[in-house]
Amino acid sequence: MRILIVEDEVFIALDLEMQILDMGYEVVGIAATKETAIEIACAQVPDLALVDLHLAGPSSGAEAAAFLRAELGVPSIIVSGSLHELTELDIASIAPVSLLGKPFSPVKLQAAIRDADTGRHR
Amino acid sequence: MKHLESLFDRALDAVVGMDEAGMVVAWNGAAEEMFGWSRADAMGSSMGDLIVPPQHREGHARGLERYNRTGEGPVLEQRVRITALHRDGAEFPIELSIFPMPGDGGGRIFYAFIRSMAAEESARRAQELRAREGEALLAVAQKLLDDVSLDEFTQFCLDNVCAVSGMEAGHFHVVRGRGPHACLHPTGIWHLADPRFQPVVEATSVVRFGLGEGLPGRAWQSGQLQSLDDLASSCQFVRRSVFEEVGLSRAVALPVRQGGQIHGVLEFFGTSKARLDPEILRMLETIGSQIGVAIRRKENAEHRETLRREMSHRVGNSLSVLASIYRSCSREARTKEELDEAFLGRLVAVGQANRLAVEDASESVAFPALIEEAISILPERNRITIEAPDMTVDRDSVMPLALILNELATNALKHGSSCEDSRLVVAARFGEGRDELVLEWHEHRAVPLTVPPPTPERVGFGTKLMQHMVEGRLGGSFERRLDETGFCVVMKLPRERIEALPDTDLMA
């Protein structure tokens with residue numbers, strides 16, 4: 001499975017990348033803004049995106065995830081320290097495969113990614 | 001009769017007399033003062049033309065004609081409250097009583113004692129306005145305690161002021177931007193007494209007033225209430241055609257200030273019926289200034305709430321960052337000592353970069369100062385040369401740059417090409433075409449090695465971090481070289497990402 005990381009915090013992004021690689025999946029890129037996320041996603045069409053709601057600058061992770069879902073059919077796992085900021089409308093347009101509140105343990109991340117992978121093959 | 005005249009002249013009330021034809025036959029000194037006509041002017045003129053306001057003239061003529069015909073006069077010998085006309089055209093309230101007397105040459109003379117109620121009336125009105133003003137302020141103060149959003153609160157204030165002052169529309173502009181870029185932005189929050197005024201909302205939504213521009217701009221510049229009595233003929237009022245079309249012809253603009261600074265301008269509009277006399281303007285000024293302060297308070301409260309949420313988010317985020325740094329360091333470290341050193345070193349680096357990017361974000365960060373701060377972990381500063389153009393660093397690039405430089409400094413400390421007598425040069429210059437910034441990190445060995453140093457067999461976390469920051473975050477590229485003479489990294493970064501444009505920060 002090929003995964004896109006959308007996260008503006010460099011240490012978290014690099015750590016997520018390592019965790020994903022350790023799980024035996026591929027990372028197609030790391031994006032820190034909505035624009036970069038969309039750019040990479042259009043070029044690479046990943047199977048899954050790991051999206052942080054808060055991104056650098058005025059960027060919105062929710063908008064990036066909604067775009068990925070609507071335009072490319074790419075599902076997202078939403079990661080955030082403030083999940084409560086997600087509106088019902090956001091959830092409807094993103095249709096996330098899971099929501100992970102920060103901080104989360106590697107075990108949880110692994111479970112969420114495996115779930116997404118299983119869902120993909122069904 | 002002579003007797004009577006000298007008696008009348010001593011009366012405090014105006015005493016006037018009129019014959020059956022409606023012509024003035026008596027006019028005392030108090031009448032001269034009250035109506036502005038001298039006795040010589042008044043005597044022989046038509047009473048109706050002299051002191052009866054146009055809307056009452058017909059009634060006055062009819063009453064006189066009826067009395068002459070029937071001998072009946074229902075208003076005679078009673079206290080009557082009505083308005084009268086001064087020579088200057090001003091209408092004012094009076095109280096009078098009229099009584100008929102037989103005239104010297106047969107016929108009748110109608111005398112009237114008249115008292116001006118102008119002072120009482122204006123005192124009553126002032127009192128009423130003050131009471132309304134007090135109620136409005138109380139309502140606003142109560143609303144301030146309610147859990148409503150800033151927009152709702154502003155709306156409530158506008159509705160209230162319009163209700164109290166009889167204005168038909170009200171709006172709030174806020175000052176955005178700094179220095180010469182500052183201008184008034186419409187908030188889009190309006191009170192409209194009638195939907196037919198809607199076009200003024202659209203007309204206002206597209207204008208931005210600079211200092212001194214238009215009515216709101218003049219209120220902002222002068223710091224004083226500004227009013228216009230006739231918008232259609234005011235060429236400084238740029239939106240006049242739209243306002244004229246919907247029938248709004250009067251306007252008042254009030255600066256909203258707190259702590260000596262003007263943060264916005266309240267605008268109120270009325271039809272030609274709206275009274276903009278000194279009393280109303282004074283009331284608007286009082287309420288407006290109170291509301292201004294209240295709006296600012298609400299704004300601050302909302303800002304604090306945002307900060308609180310932001311804070312909680314940051315703490316959660318920081319813990320995640322910590323966990324990530326720990327995992328990354330632990331993956332690489334071969335011994336506990338290595339882990340300690342890597343983890344704690346990186347923690348300090350993140351803390352430092354964070355301080356530069358977040359805490360000092362209110363002030364701009366100069367490039368040389370950023371370099372200085374980011375490599376402050378290196379000892380022996382006399383062997384370090386920093387050369388960089390004195391430009392302000394874009395806020396979004398502060399953190400990446402600080403982390404990159406810190407990573408390089410940590411590396412230099414660890415791998416001691418910075419050992420005795422080596423020199424470090426950190427130099428930034430504009431590349432060809434000046435749209436590129438070349439940032440060089442050069443560690444020179446005082447004594448070159450006899451053999452080239454070994455190439456690291458794997459890509460370390462530091463290198464990955466550099467790559468992510470330089471390429472991913474700053475949109476640049478970098479090259480590194482490790483040889484006998486030392487270690488060198490050359491980064492090519494797009495200038496537009498690094499350099500802050502003046503005063504763009506608050507315009508968003």
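Biologist: Where does Arg346(B) sit, and is Arg346(B) buried or exposed?

Modeller: Arg346(B) belongs to helix H12 of chain B, residues 336–357, where helices (H or I, at least four residues) and strands (E, at least two) are DSSP runs numbered from the N terminus. Buried means under 20% relative accessible area, exposed over 50%, and partly exposed in between, with a 1.4 Å probe and protein chains only; Arg346(B) is therefore buried, at 12% relative accessibility. Contact means heavy atoms within 4.5 Å, and, leaving aside neighbours within four places in sequence, the partners of Arg346(B) include Phe11(A), Glu407(B) and Phe461(B). This is a predicted model, in which local features need pLDDT of at least 70 and side-chain atom pairs count only at pLDDT 80 or more, while totals for chains, interfaces and linings use all residues. Residues are numbered from 1 along each chain as its sequence is written, chains are lettered from A and ligands numbered from 1 in the order in which they are written, and side-chain values use heavy atoms, with hydrogens and water left out.

Biologist: How should I read Asp52(A), and what does UniProt place there?

Modeller: The unreviewed UniProt entry places "modified residue: 4-aspartylphosphate" at Asp52(A); such annotations may be inferred rather than shown by experiment, and their positions are given in the numbering used here, with feature names shortened. Asp52(A) lies in strand E3 of chain A, residues 48–52, and is buried, with a relative accessible area of 2%. Not counting residues up to four places away in sequence, Asp52(A) touches residues among them Lys102(A) and Asn317(B).

Biologist: At what angle do the axes of H6(B) and H7(B) cross?

Modeller: Two packed helices are described by the angle between their axes and the distance between the axes. The axes of H6(B), residues 118–145, and H7(B), residues 150–165, come within 10 Å and cross at roughly 170°, so H6(B) is roughly antiparallel to H7(B). The residues of this contact divide into 8 nonpolar, 2 polar and 3 charged.

Biologist: Which residues have the most contacts inside the largest nonpolar core?

Modeller: In soluble globular proteins, nonpolar side chains tend to be buried together. A nonpolar core is a set of buried Ala, Val, Leu, Ile, Met, Phe, Trp, Tyr and Cys residues joined through side-chain atoms within 4.5 Å. The largest has 71 residues, and Ile113(A) and Trp441(B) have the most contacts inside it; helix H14 of chain B, residues 395–414, gives the most to this core, with 10 residues.

Definitions and conventions: Axes are lines fitted to C-alpha atoms, for helices over the stretch in contact, and angles run from 0 to 180 degrees between N-to-C directions. Angles under 35 degrees count as roughly parallel, over 145 as roughly antiparallel, 65 to 115 as roughly perpendicular and the rest as oblique. Ala, Val, Leu, Ile, Met, Phe, Trp, Tyr, Cys and Pro count as nonpolar, Asp, Glu, Lys and Arg as charged, and the others, Gly among them, as polar.
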